[in-house]
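Work through the exercises below with the sequence and the model side by side. Try each task before reading its solution.

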Amino acid sequence: MNWFYIKGILILCGINLTAVLGLSLLTGFTGLFSFGHAGFMAVGGYAAVWAGLRMGLPFPVALLAGGLVAGIVSLPIGRLTLNLKGDYFCIATLGFGEAIRLVLDNVQTFGGARGWAGIPVTTTLFNVTLAAALGTFVMVRLVHSRHGRNMIAIREEELAARTVGINALKYKMMSLFISAVYAGVAGGLQAYYLGFLQPKMFSMTRSTELTIMVIFGGIGSISGTVLGSILLTALPELLRAFALWRLVVYGASVIFIMISRPEGLMGGKEISIAWFRRLLRPVGVGGAGGSGGAGGAGAGGRGVRQ
Amino acid sequence: MLEVKDLNVFYGGIHALRDVCLKVERGEIVTIIGANGAGKSTLLNAISGVVKPRSGKILLDGQPVAATPHGVVKQGICQVPEGRLVFANLSVYDNLMMGAYLRSDKTSIIADLQRVYALFPRLSERQGQMAGTLSGGEQQMLTMGRGLMSSPRIMLLDEPSLGLAPLLVETIYQVIAEIRRAGTTILLVEQNAYKALAVADRAYVLEHGIVTQEGPARELLHDPRIRQAYLGVKQGQTRVG
């Protein structure tokens, strides 16, 4: 395993983490399941490349533009679909994701099904890490704010949330918008990492992957999201030695977690400084410590949620 | 104080409420009794803006009530929904504070919190506990307490005694009387007609979306038709059902 290969996996981890963080807000904290977030990644990716190559904007601005366009696209979608309950919203997002892919397949301005090649590889480990860390920080702050609490209230019991005066549609729209912006930025990062865009990359399988990472990590936990997306991105690579069997092992390990911990890895809990202290106290100083990625996420946290 | 005029609500093709008129005066407890599916909850949901009426007026102190739930709460109308809808993964304290969502005056919020704890000492014992782990009766207390935290002028209570042990029903009804004594007007929907009529000043009987009878609760309590249909008291040879 050379450094180039490891660096590639780490960059993919960062890209997935950015997308999954947004989805975690929507699914984990607001209780809305989406199977169309690859669609928002596609919109963000194409928009970021358009902004960078055709409009000549600098890389960070192009990324933000991609995120913003994805967010703006989410608004009419949300307005139309967020009044739908549970499964129906899920089906509507699935339809949206597929529709975006088919449109991109057929619109020749963006290269159609052949794809858009020749994108300069600008995404580096440094700026992916920066984006993911910034994304995590903002998300932790958001979730612990009054807005985050309102979203949790909607997830827990929407009617009750409305009767205490929370504007449920507004908060669901806000949640969808923010998650679309995250997905859009991730799409841009991915486009500028692979140097190539093709509608096929943003299929339903990709959306499902993102949702699995959220559930695997634990509904309603940012640390879980971080752990889940890093583990599930790295796992298929670590298992490459098993050749074709690696996908079986991947599937089996997801099933295993779902059976043994239905609430996901973290199950609504957060890793924080206080959590580490409690972990170390009974064991003494010789504790094994946690994985590096999770520690970074926890530093911004405000302790285990009660 | 609260006035409903010629209210019509449809669910698709189903006419759930037909020309319903209703009045609640300041400081009153008014109850709506009726069988399952008569439209009692629909009426409360229409007042609180959760369900959109097709026609009719809902007035608070002569002014039309907002069309959205959050607008309605702001005007001082608070619904305590049926079925103990608590935020299961938030603590009892957080649940109560969610009730004060639209208020910003810290000192009066704390005063109301103390008042809720005084009404329901059980909640103060369990303030750190997750709401989902409370018993049914405690969850009902919590939803009522959460409603009080919005400091409402009028409270819409939907089936507060549903599925509770008789002793708890007693407690809940004592608290309802207590809340009214403290100056909050109450509109109470109940299937437990006996309990509701005993505590209320006036009552409306709703059947298939139509108000069929109204009057002082004490009179309805002794009305032979009501006694037969809702209180399970048989009259001579006639049978129910």
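**Exercise 1. Compare the radius of gyration of chain A with that of a compact globule.**

Step 1: A compact globule of 306 residues would have a radius of gyration near 19 Å. The radius is taken over C-alpha atoms, and the globule rule is 2.2 Å times the number of residues to the power 0.38.
Step 2: Chain A has 19 Å, which agrees.
Step 3: The C-alpha trace of chain A extends about 60 × 55 × 35 Å along its principal axes.
Step 4: Chain A has 13 helices and two strands. These are DSSP runs numbered from the N terminus (helices: H or I, at least four residues; strands: E, at least two).

Two notes on the model. It is predicted: local features need pLDDT of at least 70, side-chain atom pairs count only at pLDDT 80 or more, and totals for chains, interfaces and linings use all residues. Residues are numbered from 1 along each chain as its sequence is written, while chains are lettered from A and ligands numbered from 1 in the order in which they are written.

**Exercise 2. Describe how H1(A) and H9(A) pack.**

Step 1: Find helix H1 (residues 3-29) and helix H9 (residues 204-217) of chain A.
Step 2: Their axes lie 9 Å apart, at an angle of about 70 degrees. Axes are lines fitted to C-alpha atoms, for helices over the stretch in contact, and angles run from 0 to 180 degrees between N-to-C directions.
Step 3: H1(A) and H9(A) are therefore roughly perpendicular (65 to 115 degrees).
Step 4: List the partners. H1(A) brings residues including Asn16(A), Leu23(A) and Gly28(A), and H9(A) brings Leu210(A), Thr211(A), Met213(A) and Val214(A). Contact requires C-beta atoms, placed from the backbone, within 7 Å.
Step 5: Sort this contact by class: six nonpolar, five polar and no charged residues. Ala, Val, Leu, Ile, Met, Phe, Trp, Tyr, Cys and Pro count as nonpolar, Asp, Glu, Lys and Arg as charged, and the others, Gly among them, as polar.

**Exercise 3. Which element gives the most to the side of chain B that touches chain A?**

Step 1: Count the contact. Chain B gives 22 residues and chain A gives 14 residues.
Step 2: H2 and helix H3 (92-99) of chain B each supply at least two residues of chain B's side.
Step 3: H2(B) gives the most, with four residues.
Step 4: By class, chain B's side holds twelve nonpolar, eight polar and two charged residues.

Note on methods: Contact = placed C-beta atoms within 7 Å. Parallel < 35°, antiparallel > 145°, perpendicular 65-115°, else oblique.
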